[in-house]
Amino acid sequence: MKKIDAVINFAKDNDCSDIHITVETGICGRRYGTLHRFENNYTQQTIEEIILSMILNEEDMELYKNGKDLDFAYETENNIRCRVNLYHQKENHTACLRIMGSSIPKLEDMVMPQKTLISLAEQPRGLVLVTGPTGSGKSTTLAAMIDYINRNHADHILTVEDPIEFVYTECKSLIHQREIGTDVDSFADALRSALREDPDIILLGEMRDYETISSAITAAETGHLVFGTLHTISAAESISRIIDVFPPHSQSQIRTQLASVLRGVISQQLLPKADGKGRIAATEILIGNDAVANLIRQDKTYQMESTMQAGQSIGMHTLNMDLVRLVKEGMITQETAMKCSSSPASLRF
């Protein structure tokens with residue numbers, strides 16, 4: 001067994017979500033959101049060999065040694081899949097690995113607002129955003145929604161990822177997964193091609209720039225159901241982030257377009273459970289109804305929280321509402337809720 005496989009297996013067995021490997025300082029794992037240093041007797045040379053052993057071809061090795069960061073997927077011999085970023089710090093080799101789930105969870109089994117997520121997955125067209133900070137479970141939520149569609153509908157699903165994280169097994173749907181850097185040069189290039197590839201569903205691993213966001217909205221306008229992610233911590237911030245990407249002279253038009261295609265925003269964070277045994281998602285849900293569309297068109301995203309509070313009957317709720325629920329159910333502590341909330345003064349337990 002490769003040494004890197006042994007490190008990944010140990011981290012997986014100890015419920016770590018991430019692994020940090022640095023030549024100078026050793027190996028750390030993130031367990032339930034907290035970093036822990038692994039005890040090992042690896043020398044600095046061995047750690048360097050562990051990092052370099054994940055690079056699978058000479059071209060990438062040359063790029064990395066010349067200072068370029070690398071993003072790719074790595075799979076152990078026993079099929080544990082990781083998303084890997086290799087980079088340099090203080091002239092030393094460094095790796096960050098995100099351990100992916102060994103299987104895609106069923107949407108019906110997740111501790112999430114299932115009815116709302118299923119309703120969004122059933123949309124015939126439009127834009128659905130899953131947002132949150134790094135490590136908040138966005139990829140897992142999206143994978144569960146795509147898996148639900150795969151099990152229930154005969155659609156053509158096209159994913160564009162950097163790198164491919166979850167590998168789907170086709171059921172009722174036809175699924176094509178494209179990896180940035182391997183199958184296509186960029187998200188924007190993949191989206192331009194996608195409109196000629198007859199997809200019903202398009203999943204974007206990340207909406208990170210003007211061209212990608214513009215193309216995603218166009219795809220949603222032309223009859224596709226588009227799923228995308230943003231690194232934002234609230235529904236209102238997600239909408240503002242999309243609009244702010246565009247130059248000022250076109251923001252009025254993009255508000256109109258976004259208002260017509262937005263079906264929902266799922267913002268989530270993973271919080272430590274009160275009993276210390278794992279983490280649980282706290283969510284904020286915005287549904288793209290007429291009231292939300294009017295607020296987007298009128299540039300009144302600051303009123304979104306009131307709209308979510310009033311929209312509980314159709315599946316909407318604010319982050320604070322969900323935090324209060326989790327505290328009352330004994331799932332998280334009040335201290336955790338206060339740290340997570342953007343407006344802790346508004347919490348009422």
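**A close look at Thr-318**

Mentor: Happy to! Let's begin with a polar contact: the side chain of Thr-318 has a polar atom 3.1 Å from the backbone nitrogen of Met-321. Keep in mind that this is a predicted model.

Is Thr-318 buried or exposed? Its relative accessible area is 2%, and the cut-off for buried is under 20%, so Thr-318 counts as buried. Leaving aside residues up to four places away in sequence, Thr-318 touches Thr-283, Glu-284, Glu-305, Met-308 and Gln-309.

At the beginning of helix H3 (residues 58-65), Asn-57 brings a side-chain oxygen to within 3.2 Å of the backbone nitrogen of Glu-59. Just past H3, Gly-67 adopts a positive phi of about 100°.

The largest nonpolar core has 68 residues, and the members that touch the most others are Leu-127, Met-145, Leu-204, Phe-227, Leu-258, Leu-262 and Leu-286. Helix H5 (residues 138-152) gives the largest share of this core, with seven residues. Take Leu-127 as an example: setting aside residues up to four places away in sequence, Leu-127 is in contact with Ile-217, Ala-220, Val-226, Leu-258, Val-261, Leu-262, Arg-263 and Gly-264. There is also a second, separate core of 27 residues, with Cys-16, Ile-21, Ile-55 and Ile-80 among them.

Finally, let's step back to the whole chain. The chain has 13 helices and 13 strands. Its radius of gyration is 21 Å, close to the 20 Å that the globule rule gives for 349 residues, so the chain is as compact as a globular protein of that length. Along the principal axes, the C-alpha atoms fill a box of roughly 60 × 50 × 40 Å. Of the 349 residues, 50% count as buried, and Thr-318 is one of the buried residues. If you look at contacts between residues at least 6 apart in sequence, 58% of them join residues at least 24 apart. As for the surface, the chain exposes about 16400 Å², with carbon and sulfur atoms supplying 45% of that area.

Definitions and conventions: Residues are numbered from 1 along each chain as its sequence is written. This is a predicted model: local features need pLDDT of at least 70, side-chain atom pairs count only at pLDDT 80 or more; totals for chains, interfaces and linings use all residues. Side-chain values use heavy atoms; hydrogens and water are left out. A nonpolar core is a set of buried Ala, Val, Leu, Ile, Met, Phe, Trp, Tyr and Cys residues joined through side-chain atoms within 4.5 Å. Buried means under 20% relative accessible area, exposed over 50%, partly exposed in between (1.4 Å probe, protein chains only). Helices (H or I, at least four residues) and strands (E, at least two) are DSSP runs, numbered from the N terminus. Contact means heavy atoms within 4.5 Å. A polar contact is a pair of N or O atoms within 3.5 Å; within protein, one must be able to donate a hydrogen and the other to accept it, and residues adjacent in sequence count only if both atoms are side-chain atoms. The radius of gyration is taken over C-alpha atoms; the globule rule is 2.2 Å times the number of residues to the power 0.38. Accessible areas come from the Shrake-Rupley method with a 1.4 Å probe; for residues, only the protein chains shown count as cover.
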